Amino acid sequence: VILQNCHLSKSFMPELEKQIANFSSSLAHINPSFRLWLTSMPSKTFPVSILQNGIKMIVEPPKGLRANLLRSLTGDPIANPTFFNEVAKPGEWKKLVFGLCFFHAVVQERRTFGPLGWNNPYQFNETDLKISVRQLHEYINRYDEI
């Protein structure tokens, strides 16, 4: 079972904490192959007891502009050949995708300098890149003029 974006469900966190605490009771009969995956951004409302009793995995952006660019270009949905090749204007599409991935890589690398030069703190993360690529894909197929 996977519960995604737990940080968005503040009101459910106390109930989730109780349910997970019940997993360890002697009355709980849980299938040995059962696994519970939780995804969350850093959040003050995420129960500490779940973090203390679970295995944590962290996905960090790679270091360096080249590594960031490579990760973006080899990630979903760009690496999906069906998605990537189903465009009306392949030349323009490839240039725009590269530009978007390059922008993403620069913003990711720029975070190492902290707030210097930025008016508002905003992290253009992997999710933002994915939705931007999908929007770009839709626009380039829908409109004749770019």
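Predicted model: local features only at pLDDT ≥ 70, side-chain atom pairs only at ≥ 80, totals over all residues.
**Exercise 1.** Determine how the length of helix H6 relates to the expected span.

*Solution.* Helix H6 covers residues 126-142, a total of 17 residues. From the first C-alpha to the last, the helix reaches 24 Å. At 1.5 Å a residue, 24 Å is expected, and the helix is close to that value.

**Exercise 2.** Identify the residue that caps the N-terminal end of H6, and state which residues of the helix are buried and what covers them.

*Solution.* Begin at the N-terminal end: Asn 125 provides the cap, with a side-chain oxygen 3.1 Å from the backbone nitrogen of Thr 127. Next, list the buried residues of H6, which are Asp 128, Leu 129, Val 133, Leu 136, His 137 and Ile 140. Finally, consider their cover, which includes helix H3 (65-73), helix H4 (81-85) and helix H5 (90-110).

**Exercise 3.** Find the salt bridges of the structure and describe where the partners of each lie.

*Solution.* One pairs Arg 134 with Asp 76, with the closest N and O atoms 3.6 Å apart. This pair links distant parts of the chain: Arg 134 belongs to helix H6, Asp 76 to the loop between H3 and H4, and 58 residues separate them. A salt bridge requires a distance within 4 Å, so the 3.6 Å pair qualifies. Another joins Glu 138 to Arg 142, with the closest N and O atoms 2.7 Å apart. Both Glu 138 and Arg 142 lie in helix H6, 4 residues apart, about one turn of the helix.

**Exercise 4.** Decide whether Arg 134, Asp 76 and Glu 138 are buried, partly exposed or exposed.

*Solution.* Asp 76, at 46%, is partly exposed. Glu 138, at 35%, is also partly exposed.

Conventions: Residues numbered from 1 in each chain as written. Heavy atoms only, no water. Helix = DSSP H or I, 4+ residues; strand = E, 2+ residues; numbered from the N terminus. Expected span 1.5 Å × (residues − 1). Buried < 20%, exposed > 50% of the residue type's maximum accessible area, 1.4 Å probe, protein only. Contact = heavy atoms within 4.5 Å. Polar contact = N/O pair within 3.5 Å; in protein donor to acceptor, adjacent residues only side chain to side chain. Salt bridge = Lys/Arg side-chain N within 4 Å of Asp/Glu carboxyl O.
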